[in-house]
Amino acid sequence: MEDRVAIRLKPREEDRILAGHPWVYDNEIARAEGSAASGAEARVLSGRGRFLGSGTLSPGSKIRVRLHSRADEDWNEAFTRRTLDAALGFRRRVRDLSSESARIVFGEADGLPGLVADRFVGTPLGPDGEPAGPAGSWIVLQVLAAGAEARKAGIVRVLADALSPEGILERSDAPVRQREGLPPAVGVLEGSVPDRIEIRENGLGFAVDLAAGQKTGWFLDQRENRAAAAVYAPGRTVLDAFCNAGGFGLCAARAGAASVLSVDSSEAAVAQVRENARRNGLADRVEARAANAFDLLRELEKEGRRFGLVVLDPPAFAKSRAALEGAARGYKEINLRALRLLEPGGILVTCSCSWWFDRERFRAVLEDAAADSGRRLRYLEDRGQAPDHPVVSGYPESRYLKCVIAETVDSGQ
Ligand code: SAH
């Protein structure tokens, strides 16, 4: 029997899907006929029998079907190839793929549900941090849904054919896989992949830990925001909170910041910041500290420390609707504390990467924090994610990253 299922929605559940949304939730389904296999081809019909699109089945997930096409077509290797070609065509317009690392597949936003692929261009590093092989490109995959999982071998073949990377590494260790009933999967799928490479970004060299770094090893979505923040950095003392491998702080240092204090709760991340600072000859102006940012912000305030620029780039505080209230408290607390640490005319660069916590909620938190701090904010830039993480209509989840740059307007200014 073919792995194929016909999904009939309940009456009037089709509007969101007709507007372009790629997910069918379990509670929208009236009946399913056919295979219940993980990743099976699904054809979705409205309650009245109107054809809505082709997707793949996630039997254990609330997101029961992820649509890959509005036509009647399987997600086979030819489909992957065509869709990847389109994704690469777009990336070539926003990135120089010969020298720049980029997210080349951003899941549903690129029509390949549950699949994330970051392509890194760089040089392998040995344990001593020195170059340890010829330059090349490597792809890091995250396979986050049952449909993509069932097609993984074909996806790897297509990526290898289209891009001839030195190697392809799977880093499917994100917790969202559990919701799909999939165990974590980590390992080299093709060629060979060094544990660490050096990539170039914003004129700096960064050691990226492909094997053990967070997510795919490097946060490509903040590239333009790091450069935008650095514009305000010259002459200022900078606090880079939730710094990971140091992207924001090192960009600021290179742009002429007087000093940078980079903080992350991960010891491994802090070690990377130190190495990346040395790598770029910036160690004399960059101090990296392992600490809980919530605690450290409080301590710095107690010590009477002041900064000219504070970056806040925390992990997603809201991963579901239920977490929104707690997230609002978390965002409020760090933003309020950051405002208290800012010198007159200081710059706040504040981010939220949680889709659930949308622009309006984030803006409301900043308004609240400003009011409580007794300071007025002048909003300078309302930014989003790097263009290689496209935002598409009908799929609001694709617009997830917020980066607001604001300055304090203090009396006498
Ligand atoms: N700003 C980084 C990306 C940050 S990702 C960049 O430009 O690449 C979020 C970071 O927050 C992770 O590195 C994680 O280790 C760190 N983190 C999570 N909880 C934290 C906490 N309570 N205090 C400090 N850092 C934390």
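## The chain as a whole

Among contacts in the protein chain between residues at least 6 apart in sequence, 64% join residues at least 24 apart, where contact means heavy atoms within 4.5 Å. The model is a predicted one, in which local features need pLDDT of at least 70 and side-chain atom pairs count only at pLDDT 80 or more, while totals for chains, interfaces and linings use all residues. Residues are numbered from 1 along each chain as its sequence is written, and side-chain values use heavy atoms, with hydrogens and water left out.

The secondary structure comes to 11 helices and 20 strands, these being DSSP runs numbered from the N terminus (helices are H or I, at least four residues; strands are E, at least two). Along its principal axes the C-alpha trace spans about 70 × 50 × 35 Å. Buried residues make up 55% of the 413 residues, with buried meaning under 20% relative accessible area, exposed over 50%, and partly exposed in between (1.4 Å probe, protein chains only).

## Histidine 21

Histidine 21 lies in the loop between α1 (15–18) and β2 (23–25), and with a relative accessible area of 3% it is buried. Its side chain is joined to that of glutamate 397 by a polar contact of 2.9 Å; such a contact is a pair of N or O atoms within 3.5 Å, and within protein one must be able to donate a hydrogen and the other to accept it, while residues adjacent in sequence count only if both atoms are side-chain atoms. Leaving aside residues up to four places away in sequence, histidine 21 touches several others, including Arg16, Leu67 and Tyr395.

## Arginine 177

Arginine 177 belongs to helix α5 (residues 176–179) and counts as buried at 2% relative accessibility. A polar atom of its side chain lies 2.8 Å from the backbone oxygen of valine 143, and the side chain of arginine 177 also makes a polar contact of 2.8 Å with the side chain of glutamate 149.

## Lysine 319

Lysine 319 is found in the loop between β17 (307–312) and α10 (324–341), and with a relative accessible area of 56% it is exposed. Its C-alpha atom is separated by 6.6 Å from that of serine 354, although the two residues are 35 residues apart along the chain. Not counting residues up to four places away in sequence, lysine 319 touches Arg179 and Trp356.
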